[in-house]
Amino acid sequence: MWLVESARRSWILGTLLVLSAAVVAFGSLMVGTKPAFLVIVLLLVVVGAYVGLAHPTWFLWAFAAVLGFMPVAHLPGVHVPLTLAFAVAVILATAIHPIEVRSLTTMDWFVIVLIVVSGISMLATYVGFADIAQYVKWFTVTILIVALLRLPRLQLRTFGRVYVVASAACAIVAAGVLVYPGVMKPFKLFGYDPSALRFVYHSGGATQRLAGTYIDPNAAGIGFFVALVMCVVLFDGRARNVLGVILALALLLTLSRAGLFSVIVGVVLMLMFQTMSNRKRLAIVGLGVATFAALAAVPQLRQRVFSSFGSQDEGSSARLDALKEYPSTVAGHWVFGKGWGLAEFIDPETSFTTNYVANAPLLAVYRGGILVGLAFVAMLIYGCYLGYQCLRSRRWEWGFYGGGFIGFSVVALQLDFSTITIPVSTADLSLLIVFLVYTSELARADSRTSTSTAEDGSLGQADVLVGEGRRP
């Protein structure tokens, strides 16, 4: 339902609002910096409100592009993360957008329960505004699951494709940074520090890790992993091959063990459960062996991957120490957690020096208590069930996505914590869950149509879409 009686009146009203705000903003620039700052913010709000009413899908494409290409960018002149700003816009846009899926999915209910118990834990441990701020950030990128699943599936597919292409562009820029760090200079306008490069240290020296506009290589690994599995489902033919190679190479260069091992586990599960020809299975095994050999041939990758969990790996040692100390650290805070606005979640220096557990489910308990942890794990278990359905489907693309989600749940979320504390990685997890539901819907529809095709010889919806040159 629109807020005006007709599209024409909405257009006229919106145009007048934008022009009026623009005139006021231009005049305020003549007054001084502070008034200009306030009015520019007002201008952005007015323009955003108009776009949300007249062209709500613009926010969808903008959010997908920003999350994929400049995930930690800030609005120029205003210290507001673009990802969070567009996430709010997407939530509002989907609220006024024509809804195709009217009933809530089972995954929606798991997400809603998680949000509610998390809110209760935040109120129970409330100390100050920092608690509310951290909860609101997490809530905004988590409720995206419910918002995006309200979209018509063709629009959701387009949203995913925009994200994948933007992520591939991000990967290309990140690779350029490895060759010439000056590539990051233009991004300074959006709050980036061109000198913020990350390394992994080992006995042979230091190796720069690919991160680009993600800044954090581990967060980049999660982002590129999500884009890679989405790419396999949402694209086909040459586009899938090109984008997939770019994203896979980028994932390798992040040296993110969480992302790399998630892919490996996903492929193994696909080989175990997916119905496919022996020829295709042998091709996948051959590609895996070739990739393994390539990893072993590059010293930096060999050092990073094959030394994992060894006694000489400082990160693994710190992770084990945190696990040993975890029961005593959370003692007395099991019900509602230690709080949302803790310094280790906000201040980078405190976060670096605090050796809290690098495990997503355990960190959810650390922050929000046992009920939050159980709700989070229940959501993942249901996701793994959907992943298994995808594994049992007839298309290897869907099986790869399902296996990838299970691998991510049992590997990445046990090795990394960014999906709990970093909004960008939480948003990536939300997208991974959204398109898991999307892929499982395709798998179920294909199963039903395959049965009807076998009975009456008619073409199913999935076969029709493939016949038209489109991926279902």
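User: Is Thr 254 buried or exposed?

Analyst: This is a predicted model, where local features need pLDDT of at least 70, side-chain atom pairs count only at pLDDT 80 or more, and totals for chains, interfaces and linings use all residues. Residues are numbered from 1 along each chain as its sequence is written, and side-chain values use heavy atoms, with hydrogens and water left out. Buried means under 20% relative accessible area, exposed over 50%, partly exposed in between (1.4 Å probe, protein chains only). Thr 254 has a relative accessible area of 0%, so Thr 254 is buried.

User: Where does Thr 254 lie, and which residues does Thr 254 contact beyond its neighbours within four places in sequence?

Analyst: Thr 254 sits in the loop between α10 (237–253) and α11 (257–273); helices (H or I, at least four residues) are DSSP runs, numbered from the N terminus. Its C-alpha atom is 5.1 Å from that of Arg 209, 45 residues apart along the chain. Contact means heavy atoms within 4.5 Å. The partners are Arg 209, Leu 210, Pro 217, Ala 220, Gly 221 and Phe 224.

User: Which residues have the most contacts inside the largest nonpolar core, and which helix gives the most to this core?

Analyst: A nonpolar core is a set of buried Ala, Val, Leu, Ile, Met, Phe, Trp, Tyr and Cys residues joined through side-chain atoms within 4.5 Å. The largest has 107 residues, and Phe 224 and Phe 376 have the most contacts inside it. With 14 residues, the top contributor is helix α9 (residues 217–234).

User: How are the rings of Tyr 135 and Trp 340 arranged?

Analyst: Rings of Phe, Tyr and Trp (its six-membered ring) pair if their centres lie within 6.5 Å; planes under 30 degrees apart count as stacked, over 60 as edge-to-face and the rest as tilted. Here the centres are 5.3 Å apart and the planes are at 80°, so the pair is edge-to-face.

User: Is the pair of Phe 345 and Tyr 366 stacked or edge-to-face?

Analyst: Phe 345 is in helix α15 and Tyr 366 in helix α17 (residues 360–368), 21 residues apart. Both are buried. Their ring centres are 6.1 Å apart and their planes at 70°, so the pair is edge-to-face.

Conventions: Helices (H or I, at least four residues) and strands (E, at least two) are DSSP runs, numbered from the N terminus.
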